[in-house]
Structures are given as structure tokens and as C-alpha cells.
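Here is a short briefing on one protein chain. Have the sequence and the structure open as you read.

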Amino acid sequence: MAEFLDPIVDSSALPRPRVGAPSLPESHRTIAIPSTASWLRKIFAFAGPGYLVAVGYMDPGNWATDLGGGSKFGYALLSVVLMSNLMAMLLQALSAKLGIVTGRDLAQACRESYSRPVAIGLWIVCEIAIAACDLAEVLGSAVALNLLFHIPLLFGVILTAMDILIVLLLQGRGFRLLEALVITLILAIAACFAYEIFFARPLWHEAAHGFVPSLDLFRNKEMLYIAIGILGATVMPHNLYLHSSLVQTRAFGFEPKQRREALRYAIFDSTFALGFALFINAAILVLGAAAFHSRGMHEVAEIADAYKLLTPVLGASLASVLFACALLASGQNSTLTGTLAGQIVMEGFLQIRLKPWLRRLITRSIAIIPAIIVIGIWGEGKVTALIILSQVVLSFQLPFAVVPLVRFTSDRRKMGEFANSRITAIISWIVAVVILGLNFEYLWLIYRGAA
């Protein structure tokens, strides 16, 4: 895949990456890459950033959209899960390429390439996306605390603001520890869903057919709404900013051969990690289809309802508890990477450096306020609907990150011999058009419905 994304073009000079004022300066190039080590040791040396990125593809926002899609439409939306993850693999590979080749993250590249008003506009859009993602994490963690420990949702939402202490503790002890914790939580989430799927006994033949796209997606407004939510929950716009910075935590060489090797291992890392995300997203949807849709329960979209029904429906004593534990692990995992993404975006676009705890407190406050309002006015029953809405908002922010990313990585002046090949550029632009098309199609269906 690295060769596909990174053709050799001898006619173009390779730009030397800028090393001044990097994002995440406390972690920049802190992880050594042994030049004479075996390929296996190098895989482990580069492993990490992809898993931090993959966390955003399995956060509580995914749970709400996948669970709702599975219970209402069975296995039909598995094709959207697959398509979203394939898009994510391509876009994250381009993000890694931008960071490794230019020494800039996507936010820095936008600031340097666009006028200040445009850059400020892109920053605002990205902050909205981060706040929407953070909202899903806040609500998901609060729901998990409520299910496991019966903590009231309103108090749980406020309690989630305290996770900034976890971020501060881990950042002070080295980036590798943060990566190790994230990977451990991902494996725990995967193990929980393996248990659930074993007892759910899905219809694998129907599930296989679900991976084939259907035209019903464009005819059914409700199905399209959930599909856009799945797309927004899977392909996170701020993850494109995050990955382009995280790959720079590795101290690879600046020579073309060394950067080509770094790119190859970084793409392997992210693609393999996103494979876990694909498994978990598909498992949530399959669980909704097998446990609820197949039994005529087509309206199980609330996470709390799924928790209450899983044990009696599946006949497995730990089904509900493990479901809630995985949800809590997912929410906490996402808060860690959300902090890093927020720091990268603010520093990259505005060149303003805030202490991580202050940055996290600001972001969390933006997410907590609408959560408190919704719970206070409409009650706890609207939590999942708010999570799904936050993921639809994310989907509408995607083009503002995807278009600059594809444009920059296709620019030979920025990328030199690492610029996208014609076929890679075409496929990347198709991905951007698909995202735009789904969003506009949904707006058109809403307009027709209103008319």
C-alpha cells in the first residue's frame, strides 16, 4: 500500500522538512528508530500512532450510530461501515505522508498555504468537529458510569471533566506509556465484543450480504441519516490533523530512503490499527442486528436499553456488564486522543500554545454545556439521539479537512517525489466527492420532506 501511495518520481526534488516549532513539542522525535534493526523491530518502533488514531474510529459516537443502524435495518448498513473504514485507511495514509514528508501537520500546512481568514475559518470548523466528538465521548462515558455504578447522568457528565488529570499524568511519563495504555484498552474492547458476538450467534450469510451496498440507502431518509452518522463517526476530521503530527514522534532520518521506509511502516501501523476499528464497528452493528433486529426489536437505539436487554436476550450473564465496560473504555480512550487533537489544531492554526489541562478544560466545557442542557430539559432519554446528531455534525465537517489534505499531498512543490500518483489523487478526490454527495443527498431529502 505504501508503494501505491508513494511512487518514485526522480524528476522532482525532495523538500527538506521544517524542524522548527513542531506540534506536540514535548513528544516531537522522542522515539528512536534503530537503523540497523530487523523489520519486525521497526514495526514495533513505528507502532503506536495508528492505534491512537484508530481510537477515534471506535468512540461512543460509533456505538450509537452502529447500534441504531443494526437494530433498525439489520445487516444492511455493514456496507457503510466497510466503506467508511476503507476511506479512513486511505485518508490516514495521506495524513501520515504529509507529516513524514513535509514535517508539518495538516493544521500547520493549512495556515501556511491559505490566507488568514480562510485558515481561521478552517480552524473554527475543526474546533466544532472536536467539540462534537467530545460531546459523544462525554455522553458515552456518562452513560457507562450510570450503567455500571448508577451514577446520575448529569453528575456523570460533570465527572468526565476530571479526565484531564489522566492526560496530565500520562503525558508527563512519556509518549510510549500513553500508546501502551490506548492499545491495551483497544484490545479489551475487542475482547468484550468477541464475547458478545459469540453468544449473539449472528446470521453470517446475511451479514456477508450486508457488506454489499444497496440503493435503498439513497431512498430511505432515515437510513441515510444513520449512514451519514456512521460515516461521521468513522472518518473523524480531527484525526487527519492528529495523525499528521503523531507520526513525527518517531526520529526517522530525513533522506528519501529513510522517509520512504518511515512512510511504509507508518501506513502499515495505521492500516492494521484501523482493522481493529473495522472489527469493533462491524461487531456493534452485527450485535444490534443479531440480538435485537432478528427478534423484532427494531427500535433499540438507546445504549441504556441495549445494556438492559443484552443479558436476558443473549442468555449470557456477563453480556450487559462487558458491554458497559467496553463503552467506558471507549470513552476514556477517546478523551486521551481528543486532548492531543485539540492541542495540535490550536497550535497549528493559531500558533497559540496552551497547557494541556487548560486546553482540555476549554474543550470539555464546550461539550458539557449542551449535554447538561439536553439532559436537564428533555431528560436522559434523548442522550443517544444527541450522540447520533453529533456524529452527523462531524460528517459535515469532513470535507473541510479532506479537501486540503488531498490537495497538499498531490502538490509536487510540497511533496516532491512523494506527491500522490494520478490514480491515488483520483481515488482520493472520489472519496471527497462521496462524502460531499452523501451530505448533500441528506439535505435534499430533508428539503423534499419539508416541502
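This is a predicted model. In it, E179 has a relative accessibility of 1%, so E179 counts as buried, the limit being under 20%. R250 also comes out at 1% relative accessibility and therefore counts as buried. The side chains of E179 and R250 meet in a salt bridge, with 2.8 Å from N to O. This pair links distant parts of the chain: E179 sits in helix α10 (residues 175-200), R250 in strand β2 (residues 250-251), and 71 residues separate them.

**Other salt bridges**

- Side chains of opposite charge can pair when their charged atoms come close.
- The count of salt bridges in the model comes to eight.
- K42 and E261 form one of them, at 2.7 Å from N to O.
- That pair also links distant parts of the chain, with K42 in helix α2 (residues 39-46) and E261 in helix α15 (residues 256-291), 219 residues apart.
- Both partners, K42 and E261, are buried.
- D411 and R413 meet through their side chains in a salt bridge of 3.3 Å, N to O.
- Are D411 and R413 buried or exposed? D411 has a relative accessible area of 15%, which is under 20%, so D411 is buried. R413 has a relative accessible area of 72%, which is over 50%, so R413 is exposed.
- R104, R111 and E112 are linked in a network of salt bridges.

**Helix packing around α17**

- Two packed helices are described by the angle between their axes and the distance between the axes.
- Helix α7 (residues 116-149) packs with helix α17 (residues 319-350) at an angle of about 160°, and their axes are 8 Å apart.
- Angles over 145 degrees count as roughly antiparallel, so α7 and α17 are roughly antiparallel to each other.
- The crossing in which α7 passes α17 is left-handed.
- What kinds of residue make up the contact of α7 with α17? The contact holds 21 nonpolar residues, seven polar ones and two charged ones.
- Helix α6 (residues 106-113) also meets α17: the two axes come within 7 Å and cross at roughly 20°.
- Angles under 35 degrees count as roughly parallel, so α6 and α17 are roughly parallel to each other.
- α6 and α17 make a right-handed crossing.

- R116 is placed in helix α7.
- The relative accessibility of R116 is 59%, so R116 counts as exposed.
- R116 and F349 lie 233 residues apart in sequence, yet their C-alpha atoms are 9.2 Å apart in space.

- Helix α19 (residues 383-397) has 15 residues.
- At 1.5 Å a residue, α19 should span 21 Å; its end C-alpha atoms are 22 Å apart, so the two values agree.
- α19 is mostly covered, with 11 of its 15 residues buried.
- The buried residues of α19 include V383, L386, I387, I388, V392 and L394. T384, S390, Q391, S395 and Q397 are also among the buried residues of α19.
- Helix α20 (residues 399-409) has 11 residues, and eight of them are buried, so α20 is largely enclosed by the rest of the structure.
- P399, A401, V402 and P404 are among the buried residues of α20, and so are L405, V406, F408 and T409.

- Most residues other than glycine have a negative phi.
- Where does H150 lie? H150 is in the loop between α7 and α8 (153-159).
- H150 is not a glycine, yet its phi is positive, at about 60°.
- The relative accessibility of H150 is 66%, so H150 counts as exposed.
- R201 is found in the loop between α10 and α11 (204-210).
- R201 is not a glycine, yet has a positive phi of about 50°.
- With a relative accessibility of 59%, R201 counts as exposed.

Note on methods
Residues are numbered from 1 along each chain as its sequence is written. This is a predicted model: local features need pLDDT of at least 70, side-chain atom pairs count only at pLDDT 80 or more; totals for chains, interfaces and linings use all residues. Side-chain values use heavy atoms; hydrogens and water are left out. Axes are lines fitted to C-alpha atoms, for helices over the stretch in contact, and angles run from 0 to 180 degrees between N-to-C directions. Helices (H or I, at least four residues) and strands (E, at least two) are DSSP runs, numbered from the N terminus. Angles under 35 degrees count as roughly parallel, over 145 as roughly antiparallel, 65 to 115 as roughly perpendicular and the rest as oblique. A crossing is left-handed if the near helix is turned anticlockwise from the far one by less than a right angle, and right-handed if clockwise. Ala, Val, Leu, Ile, Met, Phe, Trp, Tyr, Cys and Pro count as nonpolar, Asp, Glu, Lys and Arg as charged, and the others, Gly among them, as polar. A salt bridge is a side-chain nitrogen of Lys or Arg within 4 Å of a carboxyl oxygen of Asp or Glu. Buried means under 20% relative accessible area, exposed over 50%, partly exposed in between (1.4 Å probe, protein chains only). The expected span of a helix is 1.5 Å times one less than its number of residues.
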